[in-house]
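The following note sets out points on the sheets, the ring pairs and the charged contacts of the model. Please read it beside the sequence and the coordinates.

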Amino acid sequence: TTFGSMARQGLKSTGLWTEIYSKIIEDDAAFKRVSKRGYVAFTESGELRGMAMRMLMESLGFSSKPVEMKNWVLTNFASRKQCAQAYEASGEASMRGAFWGLQIEGLEKKTSAACDGGGVTHWPDGRTNPLLWYATFYGHGMNVSHESIDFLYRRGVDETIAALTSRDLQSPPDGQGGGIAVVSGQEQLKSLREGNPPFHPSWRTSGIRPVGHFVDVANDRESFV
């Protein structure tokens, strides 16, 4: 049933995403492209629990200290298994993710509890390549149906087209969420580093991180922002 499926995924994500990611990088050339060009961000389970507690306290009217979650950013994987595990962990927001996290092979001494919660940050080497910022949450986060799939797909496509055809390469959010912008230039990157949303003060800052712990996995090199 739909309720049963939701309950199971709330406790633990299915193996579907592991299979999807593994299939995508099955080809040698595909794995090389994803490994070298892709950057995948996640946080740790303890950090996610801290953020959830803060949100709960605020919803009950209590003040709480800001929580700056760790932001791991991995690239250049040594194996397909590492790559698939990291990408799966970046979206693991189930109870398993929040309380135990996922282990990424070969990174046991660095992080042992990877889960959803990483976000966009700037490059550690100071490069000013444009970054795509988006907060495309349009609801339907806890249920899936043919209607919700159709709605989310069309809404995402419509907003992407709106941003790419605008003069300033942005599509501001409306009352139902969303928001896309291309972040470039020193001033906008400085705003990003300070944790501010680009262009418009009303934009949500979820997903933007002023810090990042970058790891070149295959070469075991780390850098920080």
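**Notes on the predicted model**

1. The side chains of K110 and D220 form a salt bridge with an N to O distance of 3.2 Å; a salt bridge is a side-chain nitrogen of Lys or Arg within 4 Å of a carboxyl oxygen of Asp or Glu. K110 lies in the loop between α6 and β3 and D220 in the loop between β7 and β8, so this pair ties together parts that are 110 residues apart in sequence. K110 counts as partly exposed, at 27% relative accessibility; buried means under 20% relative accessible area, exposed over 50% and partly exposed in between, with a 1.4 Å probe and protein chains only. Helices (H or I, at least four residues) and strands (E, at least two) are DSSP runs numbered from the N terminus.

2. On conventions, residues are numbered from 1 along each chain as its sequence is written, and side-chain values use heavy atoms, with hydrogens and water left out. The model is predicted: local features need pLDDT of at least 70 and side-chain atom pairs count only at pLDDT 80 or more, whereas totals for chains, interfaces and linings use all residues.

3. The count of salt bridges comes to ten. One of them joins the side chains of K70 and E44 at 3.6 Å, N to O. K70 lies in the loop between α4 (45-59) and β2 and E44 in strand β1, so the pair ties together parts that are 26 residues apart in sequence. K70 is partly exposed at 43% relative accessibility, whereas E44 is buried at 14%.

4. R96 is located in helix α6 (residues 95-99). Its side chain meets that of E88 in a salt bridge of 3.9 Å, N to O, and E88 is buried at 13% relative accessibility. A polar contact of 3.1 Å also joins the side chains of R96 and E92; such a contact is a pair of N or O atoms within 3.5 Å, where within protein one must be able to donate a hydrogen and the other to accept it, and residues adjacent in sequence count only if both atoms are side-chain atoms. The C-alpha atoms of R96 and A113 are separated by 9.8 Å, and these residues are 17 apart along the chain.

5. β1 runs antiparallel to β3, with two bridges, and antiparallel to β2, with three. β2 and β7, in contrast, are parallel and share four bridges; there L74 stands opposite V215 in β7.

6. Which residues cover the two faces of β2? W72 and L74 lie on one side and V73 and T75 on the other, and all are buried. In β1, T43 stands opposite C115 in β3. T43 is buried, with a relative accessible area of 0%, and a polar atom of its side chain lies 2.8 Å from the backbone oxygen of K70.

7. A second open sheet comprises three strands in the order β4-β6-β5, with antiparallel pairing. The edge strands are β4 and β5 (170-171), each pairing on one side only. Four bridges connect β4 with strand β6 (residues 180-183) in the antiparallel sense, and L131 stands opposite V183 in β6.

8. Eight aromatic pairs are found in the whole structure; rings of Phe, Tyr and Trp (its six-membered ring) pair if their centres lie within 6.5 Å, with planes under 30 degrees apart counted as stacked, over 60 as edge-to-face and the rest as tilted. F42 and W72 are stacked, at 6.5 Å centre to centre and 10 degrees between the planes. F42 lies in strand β1 (residues 40-44) and W72 in strand β2 (residues 72-75), 30 residues apart. Both F42 and W72 are buried, and W72 is also the bridge partner of F42.

9. W123 and F214 form a tilted pair, 6.5 Å centre to centre with 45 degrees between the planes. W123 lies in the loop between β3 (114-115) and β4 (131-134) and F214 in strand β7 (residues 213-216), so the pair ties together parts that are 91 residues apart in sequence. W123 is buried at 16% relative accessibility, as is F214 at 8%.

Note on methods. Two strands pair if DSSP finds at least two bridges between them.
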